Amino acid sequence: MDNYRMIAKTLYGFESILAKELLDLGAMEIKEGNRMVSFVGDLGFMYKANLCLRTAIKILKPYESFRVNSEQELYDNIKKLPWEKFLAEDGSLAIDSAVHSEIFTHSQYVALKSKDAIVDRFREKFGKRPDVDLDFPDLRINIHIENNFCNVSFDSSGDSLHKRGYRTATNIAPINEVLAAGMLLMSGWDGQCDFLDPMCGSGTIPIEAAMIACNIPPNLNRKEFAFEKWNDWDEDLYEKIEDSALKKVRDFHFKIRGYDKAPSAVMKAKDNVKNANLSDFIEIEQKSFFESVKQNDGYLHMLFNPPYGERLEIDIEDFYGKIGDTLKQGYAGTHAWFIATNFDAIKSVGLRASRKIKLYNGPLEGRLLKYVLYEGSKKKSKQD
């Protein structure tokens, strides 16, 4: 089977984590870029990347590259490509585009111009043209223009890979699944101890934590990938890849807990845990973190996404002060990680973070913070 270069897109700050994931999966010639990692693999590896990567948003298969200095050049270059090799005249297509250029300033216009070029080619050759279907196209095309250089790729994923397929119910401010998985991997979570998300909302972080702990492919529950509509779709090969990945699932011998004070969030979280087939590994409880204490004797790994005042109205200073107090008073022997997008909130915690990592939660710049809560004094802990 032929090898070719592919691109895995990701969120800011996760490039090195994604590169390690690709290395562990068996990718070749891995190169980190800006919010992306390129790599080499074959058709089976493309299937495996979509199924198994936790921090990828899309897997793109580059098709053609060329220089463009005008709208007409873009149209002409797109039109001359043999699209009929990949798409039937009565099929459907969708085009996603991203531009960073002084020549092209509107991504939607680039997508429209590219679509016109493709359908005009079909109309002239066959007298009929493919339809546009933004939801379930036969072929999803990605156009990326950087200055005057255009990359045309096939999107093998379809919907963003953060849409795992298990989350049917969400709370008011759900966290992106790729962001949740990336933070867990960045925090060093490996499933070798108890885990707690004390503000779990719809359960995304506990679910991603359980899938990492058990080495369950993150996109096992997805209904479909875009490559299933490609001409070279090999269902037998995909099933072999899936079976091989499932054989690497491992047992988990600790507890993963999620708390939330809102009954509605607890119900949604339980539904999502059930959808992910992880009820044996995750306990969701209605409980206020501020009235809780650590439930286990050994080391506890904690990671959560507290409210940040954008969609949920809270007194930032008071709320984050209570986070610090609860950690100090009730959670000795814990490594606590959380993401904060309000920098005044960080000051209110009243604890010194041992690590601060720049990330984005959607469009908001934030920090992933690590707090080490020692058993007894810090000095004694080091001596132990």
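Me: What makes the second largest pocket a pocket, and what is its volume?

Reply: The model is predicted, so local features need pLDDT of at least 70 and side-chain atom pairs count only at pLDDT 80 or more, whereas totals for chains, interfaces and linings use all residues. Residues are numbered from 1 along each chain as its sequence is written, and side-chain values use heavy atoms, with hydrogens and water left out. The second largest pocket has a volume of about 630 Å³. On a 1 Å grid over the protein atoms alone, a pocket is an open set of points with protein on both sides within 12 Å along at least five of seven lines, while a cavity is a set where a 1.4 Å probe fits but cannot get out; lining residues have an atom within 4 Å of a point. Grid points are joined across faces, edges and corners, and a volume is the space filled by probe spheres set on the points.

Me: Which residues lie nearest the centre of the second largest pocket, and which element gives the most to its lining?

Reply: Of the 23 lining residues, Glu21, Asp24, Leu25, Arg54 and Asn215 lie nearest the centre. Helix H1 (15-25), H2 and H7 are the elements that give two or more residues to this lining, and H1 gives the most, with 5. Helices (H or I, at least four residues) and strands (E, at least two) are DSSP runs, numbered from the N terminus.

Me: How many cavities of 30 Å³ or more are found, and what lines the largest cavity?

Reply: The search of the whole structure finds 1 cavity of 30 Å³ or more. About 40 Å³ of space lies in the largest cavity. Its lining includes Phe195, Arg257, Tyr259 and Tyr331, and strand E9 (194-197) and strand E10 (256-260) each supply at least two lining residues.

Me: Why is the pair of Tyr63 and Phe154 called stacked?

Reply: Rings of Phe, Tyr and Trp (its six-membered ring) pair if their centres lie within 6.5 Å; planes under 30 degrees apart count as stacked, over 60 as edge-to-face and the rest as tilted. The centres of Tyr63 and Phe154 are 4.9 Å apart and their planes stand at 25°, so this pair is stacked. The pair joins strand E4 (residues 58-67), which holds Tyr63, to strand E8 (residues 149-155), which holds Phe154, 91 residues apart.

Me: What makes Phe154 count as buried?

Reply: Buried means under 20% relative accessible area, exposed over 50%, and partly exposed in between (1.4 Å probe, protein chains only). Phe154 has 6% relative accessibility, so Phe154 counts as buried.

Me: Why do strand E1 and strand E3 count as paired?

Reply: Two strands pair if DSSP finds at least two bridges between them. Strand E1 (residues 4-9) and strand E3 (residues 36-41) are joined by 6 bridges, so they pair; they run antiparallel. Tyr4 stands opposite Gly41 in E3.
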